[in-house]
Amino acid sequence: MQVAYTPDEITAIVAPQRSAGATTEKVRDIASLSTARAGDLSFLGNPKYRNEVAASAASVILVPQDYAGEPQANQLFLFVDNPSVALARICARIEQLLWPRPAAGVHPTAFVAPGAKVDPRATVGPLCVVEEGANVGAGSVLQASVFLGRNGRVGENCWVQPGGIIGAECVLQNRVRLQPGVVVGSDGFGYEFVKGRHEKVPQIGIVIIEDDVEIGANSTLDRARFSRTVIGEGTKIDNLVQVGHNVIIGKHCILCAQVGISGSTTLEDYVVLGGQAGVGGHITLGKGTKAGGQTGIAFDTPPGSYLNGTPATPYMTERRLQVLHQKLPDLFKRVEYLEQKLK
Amino acid sequence: MQVAYTPDEITAIVAPQRSAGATTEKVRDIASLSTARAGDLSFLGNPKYRNEVAASAASVILVPQDYAGEPQANQLFLFVDNPSVALARICARIEQLLWPRPAAGVHPTAFVAPGAKVDPRATVGPLCVVEEGANVGAGSVLQASVFLGRNGRVGENCWVQPGGIIGAECVLQNRVRLQPGVVVGSDGFGYEFVKGRHEKVPQIGIVIIEDDVEIGANSTLDRARFSRTVIGEGTKIDNLVQVGHNVIIGKHCILCAQVGISGSTTLEDYVVLGGQAGVGGHITLGKGTKAGGQTGIAFDTPPGSYLNGTPATPYMTERRLQVLHQKLPDLFKRVEYLEQKLK
Amino acid sequence: MQVAYTPDEITAIVAPQRSAGATTEKVRDIASLSTARAGDLSFLGNPKYRNEVAASAASVILVPQDYAGEPQANQLFLFVDNPSVALARICARIEQLLWPRPAAGVHPTAFVAPGAKVDPRATVGPLCVVEEGANVGAGSVLQASVFLGRNGRVGENCWVQPGGIIGAECVLQNRVRLQPGVVVGSDGFGYEFVKGRHEKVPQIGIVIIEDDVEIGANSTLDRARFSRTVIGEGTKIDNLVQVGHNVIIGKHCILCAQVGISGSTTLEDYVVLGGQAGVGGHITLGKGTKAGGQTGIAFDTPPGSYLNGTPATPYMTERRLQVLHQKLPDLFKRVEYLEQKLK
């Protein structure tokens, strides 16, 4: 993010208890204490980095009230109760610059079908398509080149980034954020094998994405065969994740990048899956189940499970098995030695 | 899918042999016997669920002719030869509502190059781009925001969903369905390492997608270095699948989500790959090879292979090895015991 | 690629030292010696295929100066110093046909914000969106349906294929190629867990893609939390790859399809990762580290490492462990035998 705040502007945003030193640099970026250069703002958010402040080249540093050091030449210290909170205030300001709220209304290059309803406080950006019967709620933004299919519904204060595709009849509740290129409501992968050919099973269900969900770039969520695929309130999904048809994901789950969930599986609340983990179909992961990256889960898991590896194994067991696996060469030698001895 | 069929409309679609009971509810969704609520239609498709009928809250239930029970209050039973077939008839009707055939013609917001040919019975939807020399056959639909590159060809009765990208010279034969965001004809990943840099090897081949293929959302199919990458007739590919350059996929294969096939590999007919499976380059998977999820295949496989694990291992062997792997702690103890005894 | 070059046209492109034979066929495709048919051009690029020339059905064959055989009837041999170089010359010609340089200028269906700057020698194709403050440099092409966000910068001679999305403030330096559907600058995946809910951490950094980088279809690159995510000069990334926030990728790396790199990880120069490999967060892969397909790397690696498996293990060790793992059934029998003997 290329910004340029004067020291006075930063001071106004942060409202520090006091300050020390001064700088002629404008703040153009944020960096950690050790990597900061002139023009950067940095912060002492964790006491263990206290020793790095003295050597930091940052032009402005947010420090806690009890920090004892002195600024270098051309360096400004701002003393605050909580440097992390002060930093968050600056970040929020920058965020508004990055993504200023677009004006409400339908862009002249968008195509909105006559029977669609766009709330006057919503934004439909350039080159979006909104099909018949679709509905865009107050405060929601379809940023650009977004597709909202027939009878699809976007609730209030959602933000659909460029290239998002929301299929017919699918529902985003409120404050849902879709990163670019997300597909909601692709057909489930269902076929019957008849006379040597795969015949398509109609996929006529929908996807419902509940309040405060965020979905990462180019992830894909299949519509249900019938009834619904559900992403529960507050769940966060990273990039390139696949969610199969009729999957029910609970509230406040975390799915890291490239995870895949097969059809008709249920994740209870607070499940956390590491990157590239795969989950088989028609199973249930109990509340709070955690799994490491690349884990392959084929069976139900009890609540609170912590798994790793393929096939998924309780974490401590898996670690132990890995250690023993590495010792196989030694074990083979030991057995050979015993065999020699007993010959 | 939000629908609302009166009991009479459902009865007209299903044409049952006889009925029992009645309901004042409209049918608004389809659900399994155990999860159905008022307003749902359900069905007894598998005899093992026979006991669930009596307790089902569905408003309408499709039951086989020989089903002996009685409907509850405000519940309608429709007796049919085959409840699954009757259900399929209802699904097909709903499918038409979900995706009504769009009117033929080129949408005024689409850009079709002067030298492209669009059959008068084809549909080019809003904000599509069709480049010079491209061809769209009768009955085919480019739904919205689809890109069809220079000299690309879409046969008859294809359906390309929103955001699909078909590169220059690539070919979809007939009745091909692309889910949203599919990329056909990205460059193969080929470089030569010259003086410390990777120099691009031109990728000038094409992709041919044969009849009745379906490809899942955001999947990517690379064009050949030269000649062609081929997806054989009737093959079905799920979401987020990667197909490398010069790959030849046979007929009626199944590739589940997030599978990756490296360049110049051949899959013979009826190969089935589970989710997240990876296949190395320049190998051949024999006819009917099956592999479980996350399998990693680096070598040719004989026809009819059934593999699991990385490195890919015959299924029964892999299962046995997994069991023994779990017993490693015990084995180490047993060897230690023997060592003690022989000291 | 459907082309049609007369033998004379091919001869003119190749400029051979001498020729032998003649053909009436036009060259319509390129194929290997063993698979070529009439109308194909083939080449003897590797001496080990020398025996395949005599039986090849290609109409035109590029052979080295010292090749001794005679063409068949209706077949043309072109003798050149280096058949691979001669082939590359033909491929380059075909490449120009496939992707002719589009005329400079902004397509009338594109939307370019008033405050954006497009160099008069750049091309902004149909249905692109270029937001306020964005910049497109000389010779660069946004092919079609490309989104370039607020203050985004595309340098000189870049090529962004259809559906590419470049987020606000992100930077492509020069000669960068994005295959279709790439997302640059999606939000990093960062949340804080507060009172049972995941609260979003603002992601206000950018992505910088240095000179001569190529990125594969539907890959996703997250913007930094603050500061920048960097893809180093000359690095090549395949399809469906995920790069997390604040990742720093060095120069001339190779990331094969479906690789995932977690946040804040550094890859030094010349790292090579096989397909579906996963790399954990906050680690450093030393210069020239190589890892096989599906490898899972959770720890720092020294320069020149060659790894395989999950957890990542030095290649030769991993191979040995795999062999021993396959011998587990035998080992269990041997231990049982010893136990019997000692009873």
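Analyst: Chain C gives 48 residues to its contact with chain B, and chain B gives 47 residues. Two residues are in contact here if their C-beta atoms, placed from the backbone, lie within 7 Å. This is a predicted model: local features need pLDDT of at least 70, side-chain atom pairs count only at pLDDT 80 or more, and totals for chains, interfaces and linings use all residues. Residues are numbered from 1 along each chain as its sequence is written, with chains lettered from A and ligands numbered from 1 in the order in which they are written.

On the side of chain C that touches chain B, two or more residues come from each of β2 (29-30), α2 (83-98), α3 and α4 of chain C. Helices (H or I, at least four residues) and strands (E, at least two) are DSSP runs, numbered from the N terminus. The largest share, 7 residues, belongs to α4(C). By type, this side holds 24 nonpolar, 18 polar and 6 charged residues. Ala, Val, Leu, Ile, Met, Phe, Trp, Tyr, Cys and Pro count as nonpolar; Asp, Glu, Lys and Arg count as charged; the others, Gly among them, count as polar.

Now the other neighbour. The contact between chain C and chain A takes 48 residues from chain C and 48 residues from chain A. β19 (183-186), β21 (197-200), α3 (315-326) and α4 (328-342) of chain C each supply at least two residues to the side that touches chain A. Again α4(C) gives the largest share, here 5 residues. This side of chain C divides into 20 nonpolar, 21 polar and 7 charged residues.

The two chains are also related by symmetry. Chain C superposes on chain A by a rotation of 120 degrees with 0.0 Å of shift along the axis, at RMSD 0.2 Å. That is the relation of a three-fold axis. The superposition is by least squares on the C-alpha atoms of residues with pLDDT of at least 70 in both copies.

Within chain C there is an open sheet of 9 strands, paired in parallel. Its order is β8-β11-β14-β17-β22-β25-β28-β31-β34. Strands pair if DSSP finds at least two bridges between them. β8 (117-118) and β34 (284-285) of chain C are at the edges, each with a single partner strand, so one side of each has no neighbour in the sheet. Inside the order, 2 bridges join β14 (residues 153-154) of chain C to the parallel β17 (residues 171-172) of chain C. There, C:V154 has C:L172 of β17(C) as its bridge partner.
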